[in-house]
Amino acid sequence: MVRLRPAVIVHYHEISLKRGNRPLFLRHLARNLERAIADLGPAPLRQLSGRILLDLADHPRPEAVRDRVARVFGVASCALAYRVPSTVDAMKGVVARLIEGRRFASFRITARRAFKTYPKSSVELNRELGAFVLERVPTRVDLTSPELTIHVEVMPAETYVYVDRTPGPGGLPVGASGTVTALLSGGIDSPVAAWRMMKRGCRVVFVHFHSVPYLPATSQEKARALVRSLTEWQYASRLALVPFGEIQREIVLVVPPPARVVVYRRMMVRIAEAIARRHGALALATGESLGQVASQTLSNIARIDEVAGLPILRPLIGFDKLEITNEARRLGTFEISIEPDADCCTLFVPKHPATRMSEAEIAAAEARLDIPRLVAAGDDGAAIETFEFPARAERADAPGIPLGGPRANAP
Ligand code: ATP
Ligand code: MG
């Protein structure tokens, strides 16, 4: 009986990669794959033509590696494959093992040759291996919607055979697009927005505004829990917790109620931008969706953008609340977001915020604020926490403990 030599084969969407940015994409993808599975055991990584191989010959948990890989941005699909020499007999040996004890009404063989000098064509391989399966299992060939697909990838040095392909999240590897700063409330939308930015290859630095001591610290706990969860997609995160209560109190003293929400947002943007620049971020990101609430009208969005020197990206601008909520459920952030809390936006919020304000009106509303001092207060008051996935303390020897965790105030 053949000894199975497992490996995870990682596929990415090569077609979408332009020649020039492929090395960058692959460098980030390889690094992220290594980080994502760092705690699970040794899995040497190799770049092959159009795919990446993680060698799991001596690995204790191949399935766990596959499951982690399936959540790395940039991965189109992955599979737990078995490596054999590129002889038909060796391929048959592993196919026999893979179908052992399995029942399937229909199947197909999908053979591909990564190098065309291999003596047999894909069609010949499909036929020979297909006939081999039909001899052993009462089943039939179905090329269009088979119950089981047996993939055979013939590479120059060896062949990979696998049955189940797991879809990956797609997107670009985190880091390949640079850094953005995401404004993270405790709500449903902003964690989804941050995840969308990660999916497009951004490393996200989080900023959360809280109103301690005017409100309890629950919003900070929620922000931490959200960052901990989202760190599973980018492996290391920074969260800036910015004291905003005092700033809001000063705003309330001099800004008329209808203008306050937009003034709060403009202050948040100014402070987030100061933090962003120090962390090398090239843009801000928010969870705003057009028209969802009074502060998210086109007019108010324009007033918010005016104070930003960096672009403000709004990945959810065209999404409905229901679509955002569904995505939050899929991500697992929804359960955290719906925990009751006292977000700073509930503090000093007017009953009827203005939906339209001119530049002149908002300037008048802000005229009595010492903006540079308030921005400095928020920026200087920010406490930076860092998060890691897999968390350091849980590496290798202690699997099964909840993932992620903060290290308070590390730079
Ligand atoms: P969310 O569900 O993300 O809280 P929302 O629908 O409640 O969004 P708003 O309260 O208008 O909308 O907030 C709009 C955006 O402003 C949020 O998506 C977030 O990016 C940012 N934001 C709001 N409050 C905070 C906060 N306390 N800290 C950081 N960012 C915030
Ligand atoms: Mg909110």
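I looked up valine 95 and found it buried, because its relative accessible area is 0%. Buried means under 20% relative accessible area, exposed means over 50%, and partly exposed lies in between (1.4 Å probe, protein chains only). Valine 95 sits in helix α3, residues 88-99. Helices (H or I, at least four residues) and strands (E, at least two) are DSSP runs, numbered from the N terminus.

I noted the ground rules. This is a predicted model, in which local features need pLDDT of at least 70 and side-chain atom pairs count only at pLDDT 80 or more, while totals for chains, interfaces and linings use all residues. Residues are numbered from 1 along each chain as its sequence is written, chains are lettered from A and ligands numbered from 1 in the order in which they are written, and side-chain values use heavy atoms, with hydrogens and water left out.

**Whole chain**

I counted 13 helices and 16 strands in the chain. Of its 411 residues, 55% are buried. The C-alpha atoms fill a box of roughly 85 × 40 × 40 Å along the principal axes.

**Ligand 1**

Which residues come nearest to ligand 1? Of the 22 around it, they are Leu183, Ser185, Asp189, Ser190 and Gln292. A residue is near if one of its heavy atoms lies within 4 Å.

I then looked up polar contacts (pairs of N or O atoms within 3.5 Å; within protein, one must be able to donate a hydrogen and the other to accept it, and residues adjacent in sequence count only if both atoms are side-chain atoms). Isoleucine 188 has a backbone N or O atom 3.1 Å from an oxygen atom of ligand 1. For phenylalanine 209, a backbone N or O atom is 3.0 Å from a nitrogen atom of the ligand. Serine 295 uses a polar side-chain atom, 3.2 Å from a ligand oxygen atom.

Taken alone, ligand 1 exposes 580 Å², and the protein buries 90% of that. Accessible areas come from the Shrake-Rupley method with a 1.4 Å probe; for residues, only the protein chains shown count as cover. Strand β11 gives the largest share of the shell, three residues.

**A loop residue**

Is leucine 143 buried or exposed? Leucine 143 counts as exposed, because its relative accessibility is 56%. I found it in the loop between β6 (140-141) and β7 (148-154).
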